[in-house]
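Me: I'm new to this structure and I'd like to learn how to read it. Could you walk me through it one feature at a time?

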Amino acid sequence: MRLLKLPRRGELTAHQCFCIWDSVERLLRGLEMAEKDKPWLFRTYAGHSTAEKSNALYRGNLAKGQTGLSVAFDLPTQTGYDSDHVLARGEVGKVGVPICHLGDMRLLFDQIPLEQMNTSMTINATAPWLLSLYIAVAEEQGADVTKLQGTVQNDIIKEYLSRGTYICPPKPSLRMITDVAAYTAKHLPKWNPMNVCSYHLQEAGATPQQELAYALATGIAVLDDLKGKVPAGDFPAMVGRISFFVNAGIRFVTEMCKMRAFTELWDEITATRYGIEEPKYRRFRYGVQVNSLGLTEQQPENNVYRILLEMLAVTLSKNARARAVQLPAWNEALGLPRPWDQQWSLRMQQIVAYETDLLEYGDLFDGNPVIAARVEELKAGARDELKLLDEMGGAIAAIDYMKSRLVESNAERFNRIESNETVVVGVNRWEQGEPSPLTAGDGGIMTVDPEVEQDQIARLNEWRETRDEGAARAALAALREVARNGGNIMPPSVEAARAGVTTGEWAGVMREIHGEYRGPTGVSASPSNRTEGLEEIREAVDAVSTRLGRRLKFVVGKPGLDGHSNGAEQIAFRARDCGMDITYEGIRLTPEQIVTRALEEEAHVVGLSILSGSHLPLIEELMERMREAGLGHIPVIAGGIIPEEDAKRLLAMGVARVYTPKDFQLNRIMMDIVALVEPGAAAA
């Protein structure tokens, strides 16, 4: 830099002084801007209908400034079924994109250069398979596979606890997680092979301490298993490739402290338990989707403020800032967001990153005694819980315990909202408001054309008919042999992807070798100790049970592939505490199975819970089967994210009551059940 010769004192006019100062200020500002942090990756969790339509959505979002992809797969894909399987009925393309084979994956990423993309795939039980398809498509594009960047979620443990898209038992599932990690260590060095997902733990009611402990215990279980699959010299780098996917709720100070606690605890665990010396490999690397649990059907426009505040929890603190952020849309409690809704959430990220000065400063909270005290409190609670899990044998051995604790914590959360101890604006306080113009016209949500399912099945049949059947059979045989002998399933899975094998066929081999698994429900038969405030309902249940000649029998079922079981669990939990005889067997039942159980148990009421959007075809089939079984007189109630027009159609089918997220008063639902069983009891 050339030095300036400055005039002597007294030789400058006021104007010259101003000009020099202005130049210096601009120079300093330029240096300051040069040191501004890079923003996190901007993502939108998206996918629906078909691979072709999802591809158009992705390319549109990238053109709007999104910097990474986050792929949502439909439930059949997540649970290892082809689109024409009986359990896939009504589920195809509803909560994500259906991917049955290489042709679907090819369409999904058409004109999107994967070598240049950072892709997050929210997939767990079928993670090895979807990653294999992704690799096969990248190869077709001519990409250097070693340069692929992204993340596959691949966290089965949280599926047993909260989301429900598992297939196999825990031990072989853990083996598949570490198979992916070991394969990427050799072939995809920039890929994150496992994304410990605490997001759904919070959705299932986890306290911050539980979320910390259960997620960290999952990471420990994976690293313990992975240690024997990679060379010792490669292990530290693999620790550095494990990432996390977290949730940020509305209590954004606590949530920000939780993220600082996560960062410090992971550094501590990787250093002391695994002896990782390189600081960059001990870094807590995480992406986030902020909380959907707190989005309200009532006054949904308020959700925009909730989403913004929750995003601040994971961006304000530089030392615990998310590496990638995806935001829900304001209307997700109503149904499927439209492209405009997703754009609105993307713009929120861009405004915070580019219009504010957030990225120009160091950590705003270092040295703050209030923050430090809260972080230490959270760490202490998490350490206590981790110690207990360790004594139980680790995360895999403690699945039943963790599930029951989550159900209990969620019940306490519901109780606080019902009693107004926890204020939710527009729900239990300030409920009166102006109608929202945002929901006018199309109802504020996007709907999936019911013809999509048949179109997808037709393409699937065409794929099967035109592929090299011999190559597909040979690939499946090789996959079966490796799975049976305990080898790494990734190489034969990639070969199967190239050979045209389908998602259902790949998962069928896993089911054949390892068996299927029925996860714990977290709802025991014994009432809890927290029955305060339920006396009136318990008396009503006792009275109607006496008139019926036996205990009121309530069968709760989840038809289809929807694994969001929180609502069903809380209904069953409360019904049990109110004195009803409940049957709740968990997720993934066919309408036929639910009707059979209602017949065997001589049910007085049948309750259904569906949040995936498949309520119309599944409940229609169930109502038909109820009538055919002579159970047409048994009242059926339904709950879920059900638009008003769909609710009318369900009532026309004969459904007695329809409940949506706005119906948070569980005690009122319990009294409705009593009234439906014995109308005279309601009057009494």
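Reply: A salt bridge is a side-chain nitrogen of Lys or Arg within 4 Å of a carboxyl oxygen of Asp or Glu. Keep in mind that this is a predicted model. It holds 49 salt bridges, and one of them joins the side chains of Asp-37 and Lys-318, with N to O at 3.4 Å.

Me: Are Asp-37 and Lys-318 buried or exposed, or something in between?

Reply: For this you need the cut-offs: under 20% relative accessible area is buried, over 50% is exposed, and partly exposed lies in between. Asp-37 has 19%, so it is buried. Lys-318 has 35% and is partly exposed.

Me: Which residue forms a salt bridge with Arg-260?

Reply: That's Asp-366, and the closest N and O atoms are 2.9 Å apart. This pair also links distant parts of the chain: Arg-260 belongs to helix α11 (residues 252–272), and Asp-366 to the loop between α13 (339–355) and α14 (369–391), 106 residues apart. Arg-260 is buried at 11% relative accessible area, whereas Asp-366 is partly exposed at 46%.

Me: And which residue does Arg-282 pair with in a salt bridge?

Reply: Arg-282 pairs with Asp-267, the closest N and O atoms being 2.9 Å apart. Here the partners are 15 residues apart: Arg-282 is in the loop between α11 and β9 (286–290), and Asp-267 is in helix α11. Arg-282 counts as buried, with 15% relative accessibility, and Asp-267 as partly exposed, with 30%.

Me: Which residues are linked in a network of salt bridges?

Reply: Lys-553, Asp-581, Glu-585, Arg-597, Glu-600 and Glu-601 are.

Me: Let's turn to the inside. Which residues of the largest nonpolar core touch the most other members?

Reply: The general idea is that in soluble globular proteins, nonpolar side chains tend to be buried together. In this model the largest nonpolar core has 171 residues, and Met-105, Phe-554 and Met-580 touch the most other members. Helix α9 (residues 208–226) gives the most to this core, eleven residues. Another core lies apart from it; it has 25 residues, including Ile-594, Leu-616, Leu-631 and Ala-638.

Me: What does Phe-554 touch, not counting residues up to four places away in sequence?

Reply: Among them are Ile-571, Ala-575, Met-580, Val-605, Val-606, Ile-637 and Ile-673. Asp-581 is one of the residues touched by Phe-554 too, and you met Asp-581 in the salt-bridge network.

Me: How do I read two helices packing together? At what angle do α7 and α18 pack?

Reply: You compare their axes. Helix α7 (residues 170–187) and helix α18 (residues 490–498) pack at about 85°, with axes 9 Å apart. Angles of 65 to 115 degrees count as roughly perpendicular, so that is how α7 and α18 lie to each other. Asp-179, Val-180 and Tyr-183 of α7 make the contact with Met-490, Pro-491 and Val-494 of α18. By class, this contact has five nonpolar, no polar and one charged residues.

Me: Which residues of α18 are buried, and what do they pack against?

Reply: Met-490, Pro-492, Ser-493, Val-494, Ala-496 and Ala-497 are buried in α18. They pack against α4 (102–108), α5 (127–140), α7, α17 (469–485) and α19 (503–514). After α18 comes Gly-500, with a positive phi near 95°.

Me: Can we finish with single residues? Where does Met-176 lie, and what is Thr-315 in contact with?

Reply: Met-176 is in helix α7 and is buried, with 6% relative accessible area. Leaving aside neighbours within four places in sequence, Met-176 is in contact with Pro-128, Asn-154, Cys-168, Ile-489, Trp-506, Met-510 and His-514. Thr-315 lies in the loop between α12 and β10 and is buried, at 0%. With neighbours within four places set aside, Thr-315 is in contact with Trp-40, Arg-321, Val-325 and Leu-358.

Notes
Residues numbered from 1 in each chain as written. Predicted model: local features only at pLDDT ≥ 70, side-chain atom pairs only at ≥ 80, totals over all residues. Heavy atoms only, no water. Core = buried A, V, L, I, M, F, W, Y, C linked by side-chain atoms within 4.5 Å. Buried < 20%, exposed > 50% of the residue type's maximum accessible area, 1.4 Å probe, protein only. Helix = DSSP H or I, 4+ residues; strand = E, 2+ residues; numbered from the N terminus. Contact = heavy atoms within 4.5 Å. Axes fitted to C-alpha atoms, helices over the stretch in contact; angles between N-to-C directions. Parallel < 35°, antiparallel > 145°, perpendicular 65-115°, else oblique. Nonpolar A, V, L, I, M, F, W, Y, C, P; charged D, E, K, R; others polar.
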